[in-house]
Amino acid sequence: MLLVRLCLLLLLACSAMSAPSELARGPAQCVGQSCFSLFWSPKPFKAAKRLCEGLGVGGHLMTVRSTVSAEIIGLLLNTGSEERKAGGEHALWIGLHRPSIPPAGSCPDLSGPLRGFHWVTGDSNTDYANWKAPGPGDSCSQSCVTVQNDLSWEERHCENRSQGFLCEFTYPGTCNPLRLGPGFTATYMTPFKANGSYFTALPPGTVASIFPYGFELLCQGEGSASMRWVSQSPGPWHCEVENGGCTHTCREESGIATCNCPQGLELAKDGRQCADPCSSHGCAQLCFPNTTDNKLQCMCREGYELGADGTSCHDVDDCQVNKNICDQRCENTVGGFRCLCHPGYEMSDNKCEDIDECDSQVCEQECINLPGTYRCECTPGYIIDSQNPAKCQIFCNTSECTPECDPHTEELCRCPPGYISDKNNTDDLLRCVDINECYSGYCDQDCDNTHGSYRCSCRPGYTLQADLLTCKLDDEDEGSSEEATTPSGAPGTTPPPPEPLHLGIMIGIVVGILSIVSILIAIVFHWFRKHTAHAVTDCKCKHTEKGVVLRQVTMGAPSHQKL
């Protein structure tokens, strides 16, 4: 007897485990690219969350981020059965929860709109919140959120069972409800298993059953612009239902529907869509009927040529076909070309015209416009600056010339390179005097001073090197070469500046000079003492001779000559 009872208990347990759980589906609605569905099934939060995620791609518990979402909840609650409406207060799970219990003594920040809660999508972004006052001690507990009949939010323990839950599904686009003629009705079944006849939009994958004829249509497409109702069978269906699926006109005779296309288009393989016959024939661009065999022949637009396969089109290099198509330069583009001008020219009325650069005052003194370019020149007394061809510098081809001075300040004067300012002793006027660079020892051997510059040369048997300063002995088998000289220095060029002396060398020179001066002072002092003592031991009459000797020493001292 006991064994029989145990077997009965096992059978009841197995039947209870194998019985599928009922999921009472409530109303559903789609707005834009999102669909929302209400389920009247008492579940804990985690179970409701799993059910929403398993009903469709991208499904999750509903996020209520705006007043629009709250109004959708109100709409779903009002379209429920009368029994549900009269059942009193209802609590429905939404996708807002606190996933973990905070550490002891650290409660979430209650100042934000979501009070430390997060959406099941992982973020906390929202423009809407409608909280009831939290109960005592609930602010730090692990909890989830339900929405009430009055659309207010309330915290609850996640293990509690609510009266139902709200799911949200997002799609790339939706189909409009079918356009039905008199006597036709449609019932829709969505991918998340919501069915009915009153939808404002239907997601892809929705099946529509048409009565009284009993055929089915499917909403499909890859984006919002491509969503449409299709049939698995080719050809149109009844013209009273979504125009028979025809993209243009649908005609029905003797119960048979046909689609018609405008001139220049033909029916596609599905018998409903109208397509360009050139694309179905494989033509890359255009086509026209061949009167010989009544077949289509491909052709290309201007700037292209037909390929060897008779269908593809290739770009024509217009610049090579017509070399005189442009005034100066031609650049080929896809399906065309572009005319360009050389530097110094600009396009005007499809012609390249010279730009007058002198209008932009590019030269310091005088400017001469040339075809495609320009040339700067200087007034008498000036030459082009070797460092900047747009500037002018003073030029002097004599040993002396007049400096260029500021008319407001006579002290501010400048001379050409290779000259130095100096006053003339005769008329006390400031002059620019040529600097004799040969005194500076720049040249290795011979040096010829020129106006504003200098020229180095070598003695027979030597050759001037690339630096134009040093000379090198010629090879014995080559013999002596002719004298090599540097080209006359162009006015305005300056000799290379002498290298600055190292600080240690300068200190050594100063110490040497001071040592020599000290030795000279010691010699003079010794000589003076010796002769003074000799004069005292002799007699007073010899003072005149001592004075003569001292005067001779003074007169015999070396004098400095001005170089």
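**Exercise 1.** Is Cys-401 buried or exposed?

*Solution.* Keep in mind that this model is predicted. Start with the cut-off: a residue counts as buried when its relative accessible area is under 20%. Next, take the value for Cys-401, which is 14%. Cys-401 is therefore buried.

**Exercise 2.** Find out which parts of the chain the disulfide of Cys-246 and Cys-259 ties together, and give its handedness.

*Solution.* First, look at the sulfur atoms of Cys-246 and Cys-259, which lie 1.7 Å apart. Then turn to the torsion about the S-S bond: it is about -75°, so this disulfide is left-handed. Now place the two residues. Cys-246 sits in the loop between strand 13 and strand 14, while Cys-259 belongs to strand 15, so the pair ties together parts that are 13 residues apart in sequence. Both Cys-246 and Cys-259 are buried.

**Exercise 3.** Describe the disulfide of Cys-319 and Cys-330, and say how exposed Cys-330 is.

*Solution.* Begin with the S to S distance, 1.9 Å. The link between Cys-319 and Cys-330 is left-handed, with -75° about the S-S bond. It connects distant parts of the chain, since Cys-319 is in helix 6 and Cys-330 in strand 22, 11 residues apart. Finally, compare each value with the cut-offs. Cys-319 has 12% relative accessibility, so it counts as buried. Cys-330 has a relative accessible area of 31%, so it is partly exposed.

Key
Residues numbered from 1 in each chain as written. Predicted model: local features only at pLDDT ≥ 70, side-chain atom pairs only at ≥ 80, totals over all residues. Heavy atoms only, no water. Disulfide = S-S within 2.5 Å. Helix = DSSP H or I, 4+ residues; strand = E, 2+ residues; numbered from the N terminus. Buried < 20%, exposed > 50% of the residue type's maximum accessible area, 1.4 Å probe, protein only.
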